[in-house]
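Hi everyone, thanks for coming. Let me put today's structure on the screen, and then we can walk through a few places in it together.

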Amino acid sequence: MTTSDPAEHAPSASDDDAELAGLMPRRGYLLALGVLIGSLILVFTAWRIARDRELRSAQAEFVGRTVQVTELIQQRLVNYELVARGGVSLFASVQRPTAEQWRAYVDGMNMQRRFPATLGLGFAGYVPQRLLVQLQNEWRDAGYGLLTVRPQGVREVYAPVLFLEPKTPANVAAIGYDIHSEAVRREAMIAAMDSGQARLSGKIHLIQDGPQPLSTGLLLTLPVYLGGGRPQSESLRRAEMQGWVYVPFRMERFVQTTLGGSHDDMLFRIYDRSGGRDTLLYEAPGMKGQAAAFVHRVSFDIYGRSWRIDYQSAPVEQAVPRLAGLRNMFALGLFSSLLLYGIALMLARTESRARNIAVRMTEDFRRSEARFRSAMQYSAIGKALLDSEGRIVDANPSLAGIVGTGIGQLRGRRFEELLEHDDGDEGDGRTDEDGVHRATRRLHREHGVARQVQLTYSPVPGNVGQDIAGLVQVEDVTERLRAEARVHALNRTLEARVALRTRELSQANQELEAFAYSVSHDLRAPLRAIDGFSRILGEKYADRLDAPGRDYLGRVRKAAARMGDLIDALLKMSRLSRGELKHESVDLSRVAAEVIDELRVGEPQRAVEVRIDPDMRVTGDASLLRNLLGNLLGNAWKFSRDRDPARIEFGLRELPGGGREFYLSDNGTGFPQAYVDKLFRPFQRLHNVEDFAGHGIGLASVKRIVERHGGSIRAEGREGEGATFFFTLPLEAPRGE
């Protein structure tokens, strides 16, 4: 029986190298394939993201154009209202204008050129049945001929067309037609009469079109009252009703002239949604049978009607033309993926060369110790290698120079013997996560004055069998510490000067507030004298003054009263700045409800819709916060008096970036956003005193109250569409936290 040598069956080192050499290229090819697959996925993802971005961009542009078209339509109707209001103003200046005066006004407006969609500007009288014959007689006596009211029949109220210019044959034929007899027109006319505002009718058949309507017709009506004013109540409006100024126009021509060629490519339909059903008013050519890339719907209220506009874009190829360029980008990405695959193959082939480089790097690592020795030898900072007992194993010339002795005398000495030990020195310094300890100590210098040194202890492993535990670096910082001491002394001097200037500024502010308060009080004495003597003059010598003299005297008293109010406002502003804040929990929801109740008691006839979020609690001064809400809610109440219904909303909302802020909005008169900076300045007003009373101090007080509580306030508004005020206050922590 024979035995074999185990060495014959053991794999040799050369076999292992050959097997490893066979595996390495295979792994490189797999890596290249992974690069190809990953790059293809990345290209496809990038293409999809770019395509979605282009679609979103095109959709945003489409929506922006729909906003422009909607605003153009609304603005054109406002222009029609302004033309009609000019006719109402003619009745305010003349009790009953003649046909020649009406024609002169319409000719001056040049309506056929400026508003080609309109058929003219007309006036229909408000004639109860008992006054119809009297109107016909007056019409005949004025030389206008026989006024035949049609359609015939007995009705409670007639509204015959009396004036309609320009005098085209179709408009002349419409004279005498009772537009109040038709239900759709009558609904708009009654709404205009009861509200005192312009109202738009639904879809009608225009009289000028004859039996067959040429296009969808609409009517914009505006009431005319006796004296040209607007009575306060509905009953007075009906009692003083004189008639209606109206503008008839064709919807299709209206849209064409409104867009003016700038948006001819826009496709949309206009619906009248009033009365709970959709009535088509206009449809752009080419909308049917076309697949739209985007659709958008806009709803809005206009002169008593609710309109909806349905927009649709062109197909995707036309709406997003840049999608074609993305196909080229996709092809370029595929080419780049193949290029990356080729590069990965080249990297796989160079892997063996990288292994050789790794061998050389190992040799470089062996030489790193030599470089460390050189760095230590020639460093300008003192360095020493320490053993586990803290003795110096080796030191560089810089350390020997700092200590003032030779390197040979340092070897074998404990490093701590070189340092002076004062009380508390042992605990100085700090140690970071890597075990590096830093400290500032006094080092004893041979035959010299002790020096301040910055010590850095770091663990350093030595060679096998060598007792080296750490490295200490010694940097002489004596001069630097002396410079820092001088800087600290200078800083203390500067802090004392800043504190002195702060006290002086505070005293100046207090003196300025006291001066304003004193001046406000001192001004009252001459004001009382002016008011008292002017009142005595008016009471005792009124019979000796003529009418202009009495008028001047009245103006003096009004001016004195106005100045007294301004002094009160100035005192109020001074108190807001001087008073000390009393911090407590305040329920703003309850305070706002109380303010609204007080406003309702003052004007019980007004119907105002008010919405207040519940449980809005803050920490602050209760009296100042009530003043704040009183001013803001009072302004909203005052400036929304011409709205029906008026709406006020007070709530708390979350901010996108975190945090919360209060808002108070109304649908009142509003203000131009360009003048928002003037809102919070004292005595600055954006409306006439005759229209809205006040001194221009309320919002300035609101701003001071908010800022004294550490918050901020801003405003947003649009003229005729209301205003919204946003402000922040310290919120109270929720209960239970």
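Which residues touch the most other members of the largest nonpolar core? Before I answer, please keep in mind that this is a predicted model. The residues to look for are Met251, Phe268, Ile270 and Trp307, in a core of 64 residues. Helix α2, which covers residues 13-93, supplies the largest share of this core, with 13 residues. Another core lies apart from it; this one has 37 residues, including Leu588, Met616, Leu629 and Leu699.

Let's stay with Phe268 for a moment. Leaving out residues up to four places away in sequence, Phe268 touches Val69, Val255, Leu259, Tyr282, Glu283, Ala284, Met287, Ile309, Asp310 and Tyr311.

Now please find Arg269, which sits in strand β8, residues 267-272. Is Arg269 buried or exposed? Its relative accessibility is 19%, and buried means under 20%, so Arg269 counts as buried. What does its side chain meet there? The side chain of Arg269 makes a polar contact with the side chain of Glu283, at 2.8 Å. Beyond its neighbours within four places in sequence, Arg269 is also in contact with a list of residues, among them Leu280, Tyr282, Met287, Lys288 and Arg308.

Next, let's turn to the record. An unreviewed UniProt entry places the feature "transmembrane region" at residues 29-47 and at residues 329-348. What does the model show in those places? Residues 29-47 are 100% helix and 0% strand, with 27 Å between the end C-alpha atoms. Residues 329-348 are likewise 100% helix and 0% strand, and there the end C-alpha atoms are 29 Å apart.

Leu334 counts as partly exposed because its relative accessibility is 34%. How far is Leu334 from Ser39? In sequence they are 295 residues apart, while in space their C-alpha atoms are 8.3 Å apart. Setting aside neighbours within four places in sequence, Leu334 is in contact with Leu40 and Val43.

Last stop: empty space. Rolling a probe the size of a water molecule over the atoms shows where such space is left. How many cavities of 30 Å³ or more does the structure hold? There is one, and the largest cavity contains about 50 Å³ of space. Its lining is made by Ile179, Arg185, Leu206, Ile207, Gln208, Leu219, Tyr246 and Pro248.

Technical notes. Residues numbered from 1 in each chain as written. Predicted model: local features only at pLDDT ≥ 70, side-chain atom pairs only at ≥ 80, totals over all residues. Heavy atoms only, no water. Helix = DSSP H or I, 4+ residues; strand = E, 2+ residues; numbered from the N terminus. Buried < 20%, exposed > 50% of the residue type's maximum accessible area, 1.4 Å probe, protein only. Polar contact = N/O pair within 3.5 Å; in protein donor to acceptor, adjacent residues only side chain to side chain. Contact = heavy atoms within 4.5 Å. Core = buried A, V, L, I, M, F, W, Y, C linked by side-chain atoms within 4.5 Å. UniProt positions renumbered as here; feature names shortened; annotations may be inferred. 1 Å grid on protein atoms, 1.4 Å probe; cavity = no way out; pocket = protein on both sides within 12 Å on 5 of 7 lines; lining within 4 Å. Points joined across faces, edges and corners; volume = space filled by probe spheres on them.
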